Amino acid sequence: MRSNERQAEFVDFVRAHRSDLVRTAVLEIYEEVRREGARADQALQRALRREKQLRSVERRAVSDAVYGLLRLQGRIDHLLASALRTRKAALEKLATPTQHL
């Protein structure tokens, strides 16, 4: 294997790892806000203080994703509740995203 190929594989590995860090932080914050009733700004601040390895661009991505999810949550809940009514299921009984991590 040539040096350039090894370097490209390493870069891909690092990017995937960094994306996982961002995704995990988003899901942890989102769950804290939704399940525990934490304020989004405080949960975000605590998580970003704890996740020192996140770069500034990644911190912005976490913030944007969390606030984006929360902005859309009312619409998502409404659509899910409507769909579940037809199946006689409850929104509260659905698994949260982080239960499967």
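Biologist: Is arginine 46 buried, partly exposed or exposed?

Modeller: Partly exposed, because its relative accessibility is 35%. The idea is to ask what share of a residue's area is left uncovered: under 20% is buried, over 50% is exposed, and partly exposed is in between. Keep in mind that this is a predicted model.

Biologist: Which residues of helix 2 are buried?

Modeller: Let's start with the general idea. An α-helix has 3.6 residues a turn, so residues three or four places apart point the same way. Now the case here: helix 2 covers residues 40–50, and its buried residues are Ala40, Ala43, Leu44, Ala47 and Leu48. They sit on the same side of helix 2, because they cover an arc of only 125 degrees around the axis.

Biologist: Back to arginine 46. Which residue does it form a salt bridge with?

Modeller: For a salt bridge, look for a side-chain nitrogen of Lys or Arg within 4 Å of a carboxyl oxygen of Asp or Glu. Arginine 46 pairs with glutamate 32, and the closest N and O atoms are 2.3 Å apart. This pair links distant parts of the chain, with arginine 46 in helix 2 and glutamate 32 in helix 1, 14 residues apart. Glutamate 32 has a relative accessible area of 16%, so it is buried.

Biologist: How many salt bridges are there by this rule?

Modeller: The count comes to eight. One of them joins arginine 18 and glutamate 58, with the closest N and O atoms 2.6 Å apart. Arginine 18 lies in helix 1 (residues 3–36) and glutamate 58 in helix 3, so the pair ties together parts that are 40 residues apart in sequence. Both of these residues are buried.

Biologist: What else does glutamate 58 reach with its side chain?

Modeller: The backbone nitrogen of arginine 55, at 2.7 Å. If you skip residues up to four places away in sequence, glutamate 58 touches Arg18, Val22 and Gln53.

Biologist: Where is glutamine 53, then?

Modeller: In the loop between helix 2 and helix 3. Glutamine 53 is partly exposed, because its relative accessible area is 38%. Its side chain makes a polar contact of 3.0 Å with the side chain of glutamate 51. Beyond its neighbours within four places in sequence, glutamine 53 is in contact with Arg18, Leu21 and Glu58. Glutamine 53 and arginine 18 are 35 residues apart along the chain, but 9.3 Å separates their C-alpha atoms.

Biologist: What about arginine 50 and glutamate 28?

Modeller: Their side chains meet in a salt bridge, 3.4 Å from N to O. Arginine 50 lies in helix 2 and glutamate 28 in helix 1, so parts 22 residues apart in sequence are tied together. Arginine 50 counts as partly exposed at 48% relative accessibility, and glutamate 28 is partly exposed too, at 34%. Salt bridges that share partners join Glu28, Arg50 and Glu51 into one network.

Biologist: Last one: which residues form a nonpolar patch on the surface?

Modeller: Leu72, Ile76 and Leu80, with about 220 Å² of accessible area together. Leucine 80 is in helix 3, residues 56–86, and it counts as partly exposed because its relative accessibility is 35%.

Definitions and conventions:
Residues are numbered from 1 along each chain as its sequence is written. This is a predicted model: local features need pLDDT of at least 70, side-chain atom pairs count only at pLDDT 80 or more; totals for chains, interfaces and linings use all residues. Side-chain values use heavy atoms; hydrogens and water are left out. Patches are made of residues with over 30% relative accessible area and no salt bridge: like charges are joined within 9 Å, nonpolar side chains (Val, Leu, Ile, Met, Phe, Trp, Tyr) within 5 Å. Accessible areas come from the Shrake-Rupley method with a 1.4 Å probe; for residues, only the protein chains shown count as cover. Helices (H or I, at least four residues) and strands (E, at least two) are DSSP runs, numbered from the N terminus. Buried means under 20% relative accessible area, exposed over 50%, partly exposed in between (1.4 Å probe, protein chains only). The arc is that of the directions from the helix axis to the C-beta atoms. Contact means heavy atoms within 4.5 Å. A polar contact is a pair of N or O atoms within 3.5 Å; within protein, one must be able to donate a hydrogen and the other to accept it, and residues adjacent in sequence count only if both atoms are side-chain atoms.
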